[in-house]
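Here are my notes on this model, written as numbered points. Keep the structure open while you read.

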Amino acid sequence: MADENENEASSPEEQALADEWAAALSEAGDAGQDDIDAMLAASNPAPSAPAAPRAPMEEFNSAPKVNLPVNMEGPNLDVILDIPVSISMEVGNTDITIRNLLQLNQGSVIELDRLAGEPLDVLVNGTLIAHGEVVVVNEKFGIRLTDVISPSERIKKLR
């Protein structure tokens, strides 16, 4: 009922436009972007300004066209340089049941999946970027990076 009232209240021009759109949509079924652009151009014969040319759409799975190293003379990186990221060092991990988790108390020992002396994982926002070893600097713990994962390897791991 509400749709009928809206249709009755609309002007004949609005109804004609709606009918044109309905006809165009039913005809367009498998129409491509060029067909749609042609229909829009036909409905607006005298645009006030020339339309901007369309840039080709890139595939999401395609590799970047240019693999240039990122440097400070290149694109303006100022926009992203101050974005905070979370960096963490992972000694190791393990899976335990909730029953065992609830039984943990002071002095409990949890066996990890790493051997003693193995390098730690350095994670940025949960993504592995490097391996390193623990050092002490001014009575504080630190990490010395021993192996940094290349950007191409990081991208491969995301897929």
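1. Start with a charged pair. The side chains of Arg114 and Asp121 form a salt bridge, with 2.4 Å from N to O. Keep in mind that this is a predicted model. How exposed is each partner? Arg114 has a relative accessibility of 22%, so it counts as partly exposed. Asp121 is at 11%, so it counts as buried. The cut-off that matters here is 20%, because buried means under 20% relative accessible area.

2. Now find the other charged pair. Glu133 and Arg144 also meet through their side chains in a salt bridge, at 2.9 Å from N to O. Glu133 belongs to strand β3 and Arg144 to strand β4, so this pair ties together parts that lie 11 residues apart in sequence. Glu133 has 35% relative accessibility and is therefore partly exposed. Arg144 is partly exposed as well, with a relative accessible area of 47%. The total count is 2 salt bridges.

3. Step back to the whole chain. It has 6 helices and 4 strands. Read from the N terminus, the elements run α-α-α-α-β-α-β-β-β-α.

4. How are the strands arranged? The 4 strands form an open sheet in the order β1-β2-β3-β4, and the pairing is antiparallel. Strands β1 (87–90) and β4 stand at the edges with a single partner strand each, so one side of each has no neighbour in the sheet. From one strand to the next, the twist averages 40 degrees.

5. Look at one strand pair in detail. Strand β3 covers residues 127–137 and strand β4 covers residues 140–148. The two run antiparallel and are joined by 8 bridges. Val134 stands opposite Ile143 in β4. Val137 stands opposite Lys140 in β4.

6. Next, check the turn. The hairpin of β3 and β4 has 2 residues between the strands. Asn138 in this hairpin takes a positive phi near 50 degrees. Glu139 also has a positive phi, of about 60 degrees, although it is not a glycine. Glu139 sits in the loop between β3 and β4. Is Glu139 buried or exposed? With 80% relative accessibility, Glu139 counts as exposed.

7. There is a further backbone angle to inspect. Asn125 has a positive phi near 50 degrees, and it is a residue other than glycine. Where is Asn125? Its place is the loop between β2 (120–124) and β3.

8. Which residues make the nonpolar patch of about 490 Å²? They are Val91, Ile96, Leu101, Leu104, Ile110 and Leu112. Take Ile96 as an example from this patch. Ile96 lies in the loop between β1 and α5 (98–102). At 40% relative accessibility, Ile96 counts as partly exposed.

9. Now visit helix α6, which covers residues 151–158 and includes Lys157. Lys157 has 52% relative accessibility and so counts as exposed. The cut-off matters in this case, because exposed means over 50%. How far is the C-alpha atom of Lys157 from that of Leu128? The two C-alpha atoms are separated by 8.9 Å, while the residues are 29 apart along the chain.

10. Finish with the totals for the chain. Buried residues make up 8% of its 159 residues. The chain exposes about 14,400 Å², and carbon and sulfur atoms supply 57% of that area. What share of the contacts joins residues at least 24 apart in sequence? Among contacts between residues at least 6 apart in sequence, the share is 28%.

Notes:
Residues numbered from 1 in each chain as written. Predicted model: local features only at pLDDT ≥ 70, side-chain atom pairs only at ≥ 80, totals over all residues. Heavy atoms only, no water. Pairing = 2+ DSSP bridges. Axes fitted to C-alpha atoms, helices over the stretch in contact; angles between N-to-C directions. Salt bridge = Lys/Arg side-chain N within 4 Å of Asp/Glu carboxyl O. Buried < 20%, exposed > 50% of the residue type's maximum accessible area, 1.4 Å probe, protein only. Contact = heavy atoms within 4.5 Å. Areas by Shrake-Rupley, 256 points an atom, 1.4 Å probe, with all protein chains shown as cover. Patch = residues over 30% accessible without salt bridge, like charges linked within 9 Å, V, L, I, M, F, W, Y side chains within 5 Å.
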